[in-house]
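Dear colleague,

I am passing on the structure we spoke about, and would be glad if you could look through it alongside the notes that follow.

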Amino acid sequence: MKLILLGAPGAGKGTVAKLLTEVDGSVQISTGDILRGAVAAGTELGKKAQGFMDAGDLVPDDLIMGIMGDRLQEDDCAKGFLLDGFPRTIPQAEALKVLLTDLGIELDMAVNLDVARDVILDRLSTRRTCSNSDCQAIYNVKSNPTKEEGICDKCGSPVVQRADETEEAITHRLETYNEKTAPLIGFYEKEGLIVNVNATSSDAVVAAITEKL
Ligand code: AP5
């Protein structure tokens, strides 16, 4: 499958993407995970991105397109891909359209995960993420806790709150989403690709997507 997952911070894009990889081996491509990996590794990209991310701002479009232009041409994308957190702005969506046309790739759909704001705030304040940048498994102290407190079930590394999970950064990320990313719903509606789903249950989202495919 070749999907875009849209939705506010905490809507469950990463959680749904990980479930969908198990359906047909499509790869999850999360720009957030790629950027956090670069920050942890101290690369040039990470140094450029860190300040934006910690403040809850978007990383500039040219940096993101540089990453995605290469990533979408890697061999594992041939099976299918789940774009998690990309595109995030209208210029990114327009650049992606050109890139996919050049590569001869057609998207199946752009899925908008719809979740109420109070649920989002609760999910973000209770999320825990594996600190190992090669793993980055997602947990939640309420809905999906680790088996052993504070330790990732998959790789045994400590699970932590992300640097952008301060109250101030969360508020700013939600404002940025409303201003810059929510307009993508209209963009993909015009493209005839949008599918809106209530994302209260991740399993129900996966079922709705697989049924549509
Ligand atoms: P990114 O990592 O993409 O963050 P985000 O979009 O803010 O989304 P999140 O990862 O916070 O949430 P999610 O929707 O994946 O939810 P999750 O599944 O974890 O981006 C981080 C930063 O990187 C950005 O702020 C920006 O600076 C930069 N960046 C990234 N991409 C960029 C781009 N394209 N352009 C420019 N800058 C970019 O779920 C949240 C919690 O809820 C978890 O605890 C989970 O367990 C729980 N949960 C999920 N689903 C359910 C459910 N159904 N029921 C109960 N709990 C649930």
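**Around the ligand**

Of the 35 residues around the ligand, those that come nearest are Thr-15, Thr-31, Asp-57, Arg-127 and Arg-173. Please keep in mind while reading that this is a predicted model. For Thr-15, a polar side-chain atom lies 2.6 Å from an oxygen atom of the ligand. Gly-10 takes part through its backbone, with an N or O atom placed 2.9 Å from a ligand oxygen atom, while in Arg-36 it is an N or O atom of the side chain that is 2.9 Å from an oxygen atom of the ligand.

The side chain of Ser-30 reaches the backbone nitrogen of Asp-33 at 2.9 Å. Although Ser-30 and Leu-82 are 52 residues apart along the chain, their C-alpha atoms are separated by 8.1 Å.

Ser-26 sits in the loop between α1 (13-24) and β2, and with a relative accessibility of 2% it counts as buried. Its side chain reaches the backbone nitrogen of Met-1 at 3.1 Å, and it also makes a polar contact, at 2.7 Å, with the side chain of Asp-24.

**Packing of α5 and α8**

Two packed helices are described by the angle between their axes and the distance between the axes. Helix α5 (residues 90-103) packs against helix α8 (residues 183-190) at an angle of about 30°, and their axes are 10 Å apart. Because angles under 35 degrees count as roughly parallel, α5 is described as roughly parallel to α8. On the α5 side the contact involves Ile-90, Ala-93, Glu-94 and Leu-96, which meet Pro-183, Leu-184, Phe-187 and Tyr-188 of α8. Sorted by type, the residues of this contact comprise 7 nonpolar, no polar and 1 charged.

How values were computed:
Residues numbered from 1 in each chain as written. Predicted model: local features only at pLDDT ≥ 70, side-chain atom pairs only at ≥ 80, totals over all residues. Heavy atoms only, no water. Axes fitted to C-alpha atoms, helices over the stretch in contact; angles between N-to-C directions. Helix = DSSP H or I, 4+ residues; strand = E, 2+ residues; numbered from the N terminus. Parallel < 35°, antiparallel > 145°, perpendicular 65-115°, else oblique. Contact = heavy atoms within 4.5 Å. Nonpolar A, V, L, I, M, F, W, Y, C, P; charged D, E, K, R; others polar. Polar contact = N/O pair within 3.5 Å; in protein donor to acceptor, adjacent residues only side chain to side chain. Buried < 20%, exposed > 50% of the residue type's maximum accessible area, 1.4 Å probe, protein only. Near = heavy atom within 4 Å.
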